[in-house]
Amino acid sequence: MTTGAQTPRYPARPRRSRLRTFLPLGIVAWLVLEVWLLSVVAGASSGLVVLLLLIAGFVLGSVVIKRAGRRAFRNLTETLQQQPGATPPAARPDSEGNGLMMLGGLLLMIPGLISDAAGLLLLLPPVQKAARRTAERTVERKLRGAGPGTLGDAFRQARMHRPDGKIVQGEVVRDEPGTAPREQYPPLNR
């Protein structure tokens, strides 16, 4: 028989999500596969060919990111230059997919052939549409399942519109009693 303090019982930790469990393993497997594939290509041809492939992927990725960024900025400035009372612009065919194009360019810039293939796939419009639909469905499902007080609930509340659509512009002026005016200091002269 032993005496002493009892071992504290901690509540059971919440289970880790599958993403947090398998994401590090997936990243390590992807890196190992990238290095292996680059060594296979280098063995089949030469190291110069692999170097040229990596440089070409980086240059192509930077061109894609620059083009998508310019297009997104142009669309933003056109939207902001419209009159405030005008109707919202209709969706232009080139206005969507800038984020996915930038992601494709980023994947092209990452050294490796698998990331280059994924980046090139993201540059194709049918793949962009499928990825966009999948992302929208996933976000909508997560927002619907968000409980009160969570970040998803805040996004859902921010998306709500006021029924009357009125906006009151103004300025907040606080006149609190008991506050003394600030002390004035003389300017610093050299």
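Me: In which helix does S115 lie, and what makes S115 count as buried or exposed?

Reply: S115 lies in helix α4, where a helix is a DSSP run of H or I with at least four residues, a strand is a run of E with at least two, and numbering starts at the N terminus. Buried means under 20% relative accessible area, exposed over 50%, and partly exposed in between, with a 1.4 Å probe and protein chains only. S115 has a relative accessibility of 2%, and therefore counts as buried. The model is a predicted one, in which local features need pLDDT of at least 70, side-chain atom pairs count only at pLDDT 80 or more, and totals for chains, interfaces and linings use all residues. Residues are numbered from 1 along each chain as its sequence is written, and side-chain values use heavy atoms, with hydrogens and water left out.

Me: Which residues does S115 touch?

Reply: Contact means heavy atoms within 4.5 Å. Not counting residues up to four places away in sequence, S115 touches W30, E34, L107, L108 and I110.

Me: Which other residues of α4 are buried, and why are they said to line one face?

Reply: Helix α4 covers residues 113-122, and its buried residues are S115, D116, G119 and L122. Seen down the axis of α4, these buried residues fall within an arc of 125°, so they line one face of the helix. The arc is that of the directions from the helix axis to the C-beta atoms. An α-helix has 3.6 residues a turn, so residues three or four places apart point the same way. The buried residues of α4 pack against α1 (18-44), α2 (47-81), α3 (98-109) and α5 (125-144).

Me: How do you know what to call the arrangement of α3 and α4?

Reply: Two packed helices are described by the angle between their axes and the distance between the axes. Axes are lines fitted to C-alpha atoms, for helices over the stretch in contact, and angles run from 0 to 180 degrees between N-to-C directions. Angles under 35 degrees count as roughly parallel, over 145 as roughly antiparallel, 65 to 115 as roughly perpendicular and the rest as oblique. The axes of α3 and α4 come within 7 Å and cross at roughly 160°. These two helices, α3 and α4, are therefore roughly antiparallel to each other.

Me: Which residues of α3 and α4 meet?

Reply: On the α3 side they are L100, L103, G104, L107 and L108, and on the α4 side S115, D116, A118, G119, L120 and L122. By class, this contact of α3 with α4 has seven nonpolar, three polar and one charged residues. Here Ala, Val, Leu, Ile, Met, Phe, Trp, Tyr, Cys and Pro count as nonpolar, Asp, Glu, Lys and Arg as charged, and the others, Gly among them, as polar. L107, in helix α3, has its C-alpha atom 4.8 Å from that of G119, 12 residues apart in sequence.

Me: What makes L103 buried, exposed or partly exposed?

Reply: L103, also in helix α3, has a relative accessible area of 39% and is therefore partly exposed.

Me: Why are α1 and α4 called roughly perpendicular?

Reply: Their axes come within 8 Å and cross at roughly 100°, and α1 and α4 are therefore roughly perpendicular to each other. In this pair, W30, L33, E34, L37, L38 and V41 in α1 meet L113, I114 and S115 in α4.
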